Amino acid sequence: MRKITWDNKSFYFDGKPGFLVSGEFHYFRVPKKDWAWRLDMLKAAGANAAATYVPWILHEPEEGVFRFSDAPETDLDGFLTLCREKGLPVIVRPGPYQYSEMRYCGLPGWLFEKYPEILAKREDGSPIAAHMSVSYLHPVFLEKTRAWFDAVLPVIARHMVSKGGAVAFAQLDNELTGIHEWAGSFDYSPEAMGYGRETGRWAEFVQKRPNAPYRDFYFGTVAEYCGILAGWMRERGIACDLIHNGGNPGMIPYFRETAERLGKGFLLGVDTYYNLGMDFEQINPVPRLAADAFLAYEQLRLMGYPPAAFEMQAGSPCDWPPITPEDVSCWYRTHLAYGMKGVNYYVFTGGRNPAHIGGDGDLYDYNAPIGPENEIRPLYGALSGFGAFLAENSWLAAAWHESDYYLALDWEQPREKPDLLPEREKELLKETDFGFSRAWKLLKKGVLFTSFCASYTPEAVDLSADFAGRTDRPFVVCASRRMPERVQRGLVKLVENGGKLLILPVIPELGENGEPCAVLRDFLGGGCEKAAGRTEFCYAGELCNLQSEGVWLGGENGGKVLARDAVSGRTAAWKKEFPGGGAAVWLGMDWKLTKRAHLAMFRHLMAELGLNGPRVRCGNPYVWCVIRTDGDRRLLFAINMFAARIKADIEVAAGDGGSRRRFETELGPMEVRTFAVD
């Protein structure tokens with residue numbers, strides 16, 4: 001086995017950059033006689049790894065009765081041995097949760113029947129979801145999980161890559177927090193979390209951080225739980241990197257505490273799907289999901305990880321709506337364009353569920369590339385084609401995207417979930433006219449969508465790190481009313497260093513815990529207030545009555561007025577220049593991209609900040625473009641995520657910013673085309 005290492009740029013195989021390409025392969029669902037052939041087909045599609053769940057529900061059907069060799073579907077040892085013979089490193093996922101459309105989400109039924117006290121609770125004390133959602137830190141659940149780990153981990157430990165085996169990664173649980181959030185609540189269990197009690201975890205947290213939100217406490221308990229699981233894994237000989245998969249792109253920031261707690265040897269990735277049935281928001285790849293992928297991969301990069309999708313759609317549990325080769329090909333190449341360096345196809349092949357574990361029928365076909373009867377389906381061609389593209393462009397494994405401006409990332413914004421907050425915090429949230437979740441919505445549906453449609457590509461920057469030296473490009477901040485004093489002072493320093501700042505739609509006046517903090521407001525020369533009543537936001541005297549979600553108004557501060565409210569006549573945006581070449585623009589508007597006028601406004605804002613157009617200029621806003629480069633080679637991705645053919649006239653600046661090269665192209669429905677622009 002080649003040694004697999006990683007950093008935030010790439011995976012490395014024996015020290016050389018490469019893509020991690022895996023396929024989900026459930027040994028317990030595939031007939032043992034077909035293991036070898038299907039693993040060969042996985043390799044032939046371009047994969048260099050395999051992944052599998054190890055379902056607790058199957059291997060401990062009765063409490064204390066463990067099955068690991070009494071039937072082909074329980075022969076974990078045999079499967080891992082075969083993967084070693086095939087030269088395929090394995091991502092092993094022993095839970096305790098699996099999900100995977102199993103009953104009880106992969107936990108044994110006896111666990112809920114005998115120990116109902118382990119269920120996670122809503123704030124009112126009712127169970128979140130019976131027979132499914134547990135409180136991770138409940139002592140009974142931990143006791144039973146420890147017994148499961150004591151049985152399964154020694155089997156896995158025999159197969160460590162360090163011992164000449166196949167296991168390269170071991171996963172901690174599965175899509176943590178999803179089992180709570182998707183059922184509508186964080187866990188407020190009095191027994192496990194201590195919520196509502198004078199002693200226990202919650203009381204200790206409040207004593208240390210009296211004004212911190214419950215979500216910070218909850219995510220901290222997830223980190224504590226992961227630390228417990230990781231400790232048990234290490235004790236039982238799991239001598240490989242430990243991984244976890246965020247359940248969707250929006251969950252990546254939930255694991256900041258986990259990453260800090262586990263440190264070196266922990267790797268976080270994301271799960272990403274576009275169609276899991278008719279009730280899914282979309283049934284084919286769409287721009288909104290592409291923007292989510294971009295943000296997820298940028299967040300992973302900033303956290304120190306190679307952007308990886310540990311579950312990437314390669315089928316569906318539902319037979320309708322269909323998963324088509326054209327759709328997944330567009331999906332994969334779009335993710336590659338926006339930074340993906342690792343992928344695990346979920347699932348590569350399915351089969352029949354062993355008795356009593358299937359949660360959605362006996363057949364787990366999943367419409368996978370390889371069917372349960374060894375059918376080679378059209379999806380297999382899509383995977384093979386993508387694998388061939390990765391092989392032909394292997395240099396992309398160490399590439400990065402060319403960017404036009406910096407987009408500031410405040411980790412608290414995507415973590416704020418208003419519907420999941422305790423009632424006390426919901427009331428506090430109403431007291432601010434622009435909170436974290438609203439700022440995150442503006443960042444995604446306003447700034448990012450407008451950027452992509454106007455051909456600008458950002459690079460995310462971590463506001464919790466040192467950013468004051470990022471003065472070579474415009475620096476864009478979607479702010480809420482609350483901002484830590486350290487961050488406010490960092491933005492002041494950025495401008496004093498000669499940086500160009502765009503802040504919108506509000507100017508913070510509070511610190512991270514709601515205390516007064518007006519460092520940035522005082523430096524900029526004034527604050528703002530939410531407009532009451534009817535407004536008409538007019539930018540640059542020509543983009544009048546711009547559609548908005550909200551408007552904020554400020555006073556004169558000696559700067560250049562960029563926008564006014566036509567109803568009140570008050571300033572709604574300004575630009576102020578500072579000694580040393582720095583400048584700040586405040587834009588008092590919250591918007592979702594709906595009009596071409598938003599694109600014109602954004603281009604004007606970038607020009608005010610000294611950016612003379614993007615690196616890529618596409619005349620069609622429905623085609624999104626991005627360039628990936630390793631410093632020597634450059635590859636343009638042109639993306640059409642619509643169901644119609646689209647023509648595009650694209651100009652690309654030379655790497656040194658000089659002459660521009662022009663491409664006239666026509667993209668078919670759901671097509672991503674690439675052009676070498678060396």
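Ser-455 takes a positive phi of about 80°, and this residue comes just after α16. The model is a predicted one. Helix α16 itself covers residues 436-453, 18 residues in total. From its first C-alpha to its last, α16 reaches 25 Å, close to the 26 Å expected at 1.5 Å a residue. Of the 18 residues of α16, 13 are buried, so the helix is largely enclosed by the rest of the structure.

One is to the side chain of Ser-403, at 2.2 Å. The other, at 3.5 Å, joins Arg-473 to the side chain of Glu-459.

A separate feature is the second largest pocket, with a volume of about 1200 Å³. Its lining consists of 46 residues, and those nearest the centre are Arg-209, Pro-213, Asp-216, Glu-412 and Glu-512. Two or more lining residues come from each of α9 (214-235), α10 (256-262), α14 (412-415), α15 (423-429) and α17 (485-496). Among the contributors, α9 gives the most, with 7 residues. Sorted by class, the lining of this pocket holds 20 charged, 18 nonpolar and 8 polar residues.

Key:
Residues are numbered from 1 along each chain as its sequence is written. This is a predicted model: local features need pLDDT of at least 70, side-chain atom pairs count only at pLDDT 80 or more; totals for chains, interfaces and linings use all residues. Side-chain values use heavy atoms; hydrogens and water are left out. On a 1 Å grid over the protein atoms alone, a cavity is a set of points where a 1.4 Å probe fits but cannot get out, and a pocket is an open set with protein on both sides within 12 Å along at least five of seven lines; lining residues have an atom within 4 Å of a point. Grid points are joined across faces, edges and corners, and a volume is the space filled by probe spheres set on the points. Helices (H or I, at least four residues) and strands (E, at least two) are DSSP runs, numbered from the N terminus. Ala, Val, Leu, Ile, Met, Phe, Trp, Tyr, Cys and Pro count as nonpolar, Asp, Glu, Lys and Arg as charged, and the others, Gly among them, as polar. The expected span of a helix is 1.5 Å times one less than its number of residues. Buried means under 20% relative accessible area, exposed over 50%, partly exposed in between (1.4 Å probe, protein chains only). A polar contact is a pair of N or O atoms within 3.5 Å; within protein, one must be able to donate a hydrogen and the other to accept it, and residues adjacent in sequence count only if both atoms are side-chain atoms.
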